[in-house]
Amino acid sequence: GSQLIVAYDEHEVNNTFKFGVIYQKFGQTSEEELFGNNEETPAFKEFLSILGDNIELQDFKGFRGGLDVSHGQTGSESVFTVFRQREIMFHVSTKLPFTEGDVQQLQRKRHIGNDIVAAVFQEEATPFVPDMIASNFLHAYVLVQVENPCTEHTTYKVSVTAREDVPPFGPPLPNPAVFKKGPEFRDFLLTKLINAENACYKSDKFAKLEGRTRAALLDNLHDELHRQSQATLGLGQAGEEDKLENGGHGGLLESFKWW
């Protein structure tokens, strides 16, 4: 029982994160165009190497962020890192499967559209409007525009956009918000992404979901402890009536796996 109680207590302490990474070419204005990009330019590869390591998905043992590590259904590789004891899996638009003839690229949209925060990478300044991507979940974007890629003078210009009801989150952008390639930029970017997700949970929409998720967790805790105590006393499984009576939030825990 103590493990379950710890699981309930630790619901607030999230040590795993999944973030979208979207490559935007100059002049692209629709999600069909964004999710249709297949080429990984040297500049984009350089950026991905700052975020984390290229990993083979097959039999990957770390946090998989919903990606398939058994049957190759979500591509063969991804980008992953451990940062301050937190495991981060990136859903990179160009690494998720490309489906010929599917204008919407649902295989890509399915993962990135269910992330809460995404990084958008540009090689040339081009307008990015959050409404380009239709998603109930994406609440914040960190835009990164590279200058002088793949040189000793590579810099990254950062800007942030979030839905109105997302509270502000740090670390604050310096002025000007331009970073040299290196560990300080990596620290800033990963911290900003993590803080963005935590701030999004405080938005009105996620606050409502959070209440329901916690209620479902409590139901689960109660049911499981009840079942264990029944088993200890040799009384067998808890009856279905108990389940219904105490599980008034029926199955909501299942609905919120992405949490």
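Biologist: How many residues does the protein have, and what share of them count as buried?

Modeller: The protein has 259 residues, and 45% of them count as buried. Its secondary structure comprises eight helices and eight strands. Among contacts between residues at least 6 apart in sequence, 63% join residues at least 24 apart.

Biologist: How many aromatic pairs are counted, and what makes the pair of Tyr 23 and Phe 121 stacked?

Modeller: The count comes to twelve aromatic pairs. For Tyr 23 and Phe 121, the ring centres are 6.1 Å apart and the planes meet at 25°. Rings pair if their centres lie within 6.5 Å, and planes under 30 degrees apart count as stacked. Both conditions hold, so the pair is stacked.

Biologist: Which parts of the chain does this pair tie together?

Modeller: Tyr 23 lies in strand β1 (residues 16-24) and Phe 121 in strand β5 (residues 117-122), so the pair ties together parts that are 98 residues apart in sequence. Both residues are buried. Tyr 23 also has Phe 121 as its bridge partner in β5.

Biologist: Why is the pair of Tyr 156 and Phe 185 called stacked?

Modeller: The ring centres of Tyr 156 and Phe 185 are 4.7 Å apart, and their planes are at 5°. The cut-offs are 6.5 Å for the centres and 30 degrees for the planes, so this pair is stacked. Tyr 156 belongs to strand β7 (residues 155-162) and Phe 185 to helix α5 (residues 183-200), so parts 29 residues apart in sequence are tied together. Tyr 156 and Phe 185 are both buried. Ring pairs link these residues into a cluster whose members include Tyr 23, Phe 121, Tyr 156 and Phe 185, with Phe 44 and Phe 47 also among them.

Biologist: How do you know that helix α5 has close to its expected span?

Modeller: Helix α5 has 18 residues and reaches 26 Å from its first C-alpha to its last. The expected value, at 1.5 Å a residue, is 26 Å, and the span is close to it. Among the buried residues of α5 are Phe 185, Phe 188, Leu 189 and Cys 200.

Biologist: What makes helix α3 largely enclosed?

Modeller: Helix α3 (residues 42-51) has seven buried residues out of ten, so the rest of the structure largely encloses this helix. The buried residues include Phe 44 and Phe 47, which also belong to the aromatic cluster.

Biologist: What makes strand β3 largely enclosed, and with which strands is β3 joined?

Modeller: Five of the seven residues of β3 (residues 77-83) are buried, so β3 is largely enclosed by the rest of the structure. Four bridges join β3 to strand β2 (residues 53-56), and these two run antiparallel. Five bridges join β3 to strand β4 (residues 86-92), again antiparallel. Phe 83 stands opposite Arg 86 in β4. The strands β3 and β4 form a hairpin with two residues between them, and Arg 84 in the turn has a positive phi of about 50°.

Biologist: Why is Cys 150 called partly exposed, whereas Cys 200 is called buried?

Modeller: Cys 150 has 46% relative accessibility, so Cys 150 counts as partly exposed. Cys 200 has 0%, so Cys 200 counts as buried. The count of disulfides is zero.

Biologist: Why is Pro 130 called partly exposed?

Modeller: Pro 130 has a relative accessible area of 28%, which lies between the limits of 20% and 50%; therefore Pro 130 is partly exposed. Pro 130 is found in the loop between β5 and β6. Leaving aside neighbours within four places in sequence, Pro 130 is in contact with Tyr 141 and Thr 161.

Biologist: What is the average pLDDT, and where does pLDDT stay under 50?

Modeller: The average pLDDT is 84, and 82% of the residues score at least 70. Over residues 7-11 the pLDDT is below 50, and over residues 237-259 pLDDT stays under 50. Where pLDDT is low, the predicted coordinates should not be read in detail.

Terms used
Residues numbered from 1 in each chain as written. Predicted model: local features only at pLDDT ≥ 70, side-chain atom pairs only at ≥ 80, totals over all residues. Heavy atoms only, no water. Phe/Tyr/Trp six-rings, centres within 6.5 Å; stacked < 30°, edge-to-face > 60°. Buried < 20%, exposed > 50% of the residue type's maximum accessible area, 1.4 Å probe, protein only. Expected span 1.5 Å × (residues − 1). Pairing = 2+ DSSP bridges. Disulfide = S-S within 2.5 Å. Contact = heavy atoms within 4.5 Å. pLDDT = per-residue confidence, 0-100.
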